[in-house]
Amino acid sequence: MKLTPALIELVVSDMPATLAFYRQLGLDIPVDADAEPHVDGSLGGVRLAFDTIDTILSFDPSWSPPSGGHRVALGFACDTPSEVDAAYAELTAAGASGHLEPWDAFWGMRYAVVHDLDGTPVDIFAPLP
């Protein structure tokens, strides 16, 4: 059996607000998708899907959100370290929850972490010169 990674799914509590956040990160998601219970878009070969809580409960009535921490994080690359700082500032100014302000990581990247509206960590990074 050969399986190919194809989709990452996020369960969201507020579809329009979540999609607005991911549009700020550069995803091309049509505005008319805001009213849909399931949306997905390309991440360059892998798809990223968004499902409302009601959609998940429609086929898995025993589902409940995780507690005590996250089990997934998404990463978005910038071209330069200064773009990491600018992206963090822009996202937090627009209401995203800043988790870790930009710093120079020991593995050679400028790094920052914000949380989307449902608490999913979104890493923003660029190689250091």
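Predicted model: local features only at pLDDT ≥ 70, side-chain atom pairs only at ≥ 80, totals over all residues.
View 1. Residues are numbered from 1 along each chain as its sequence is written, and side-chain values use heavy atoms, with hydrogens and water left out. The side chain of Asp85 meets that of Arg110 in a salt bridge at 2.9 Å, N to O, the term being used for a side-chain nitrogen of Lys or Arg within 4 Å of a carboxyl oxygen of Asp or Glu. This pair links distant parts of the chain, with Asp85 in helix 3 and Arg110 in strand 6, 25 residues apart; helices (H or I, at least four residues) and strands (E, at least two) are DSSP runs numbered from the N terminus. Arg110, at 16% relative accessibility, counts as buried. Through shared partners, salt bridges join Asp85, Asp104 and Arg110 into one network.

View 2. An open sheet is formed by 4 strands in the order 4-7-6-5, with mixed pairing, where two strands pair if DSSP finds at least two bridges between them. Strand 4 (74–77) and strand 5 (97–105) each have a single partner strand and stand at the edges, so one side of each is left without a neighbour in the sheet. From one strand to the next, the twist averages 20 degrees. Strand 6 (residues 109–115) and strand 7 (residues 121–127) run antiparallel and are joined by 7 bridges, and Val113 stands opposite Asp123 in strand 7. Helix 3 (residues 81–93) lies across strand 5, strand 6 and strand 7, and runs at about 10 degrees to strand 6; axes are lines fitted to C-alpha atoms, for helices over the stretch in contact (heavy atoms within 4.5 Å), and angles run from 0 to 180 degrees between N-to-C directions.

**View 3. The surroundings of Trp63.** Trp63 lies in the loop between helix 2 (53–59) and strand 4, and with 24% relative accessibility it counts as partly exposed. When neighbours within four places in sequence are left aside, Trp63 is in contact with Val11, Ile53, Ile56 and Leu57. Ile53 is 10 residues from Trp63 along the chain, and the C-alpha atoms of the two are separated by 8.9 Å.

View 4. Arg23 is partly exposed, with a relative accessible area of 22%. The side chains of Arg47 and Asp40 also meet in a salt bridge, at 2.7 Å, N to O; Arg47 is partly exposed at 35% relative accessible area, and Asp40 is partly exposed at 33%.

Technical notes:
Buried < 20%, exposed > 50% of the residue type's maximum accessible area, 1.4 Å probe, protein only.
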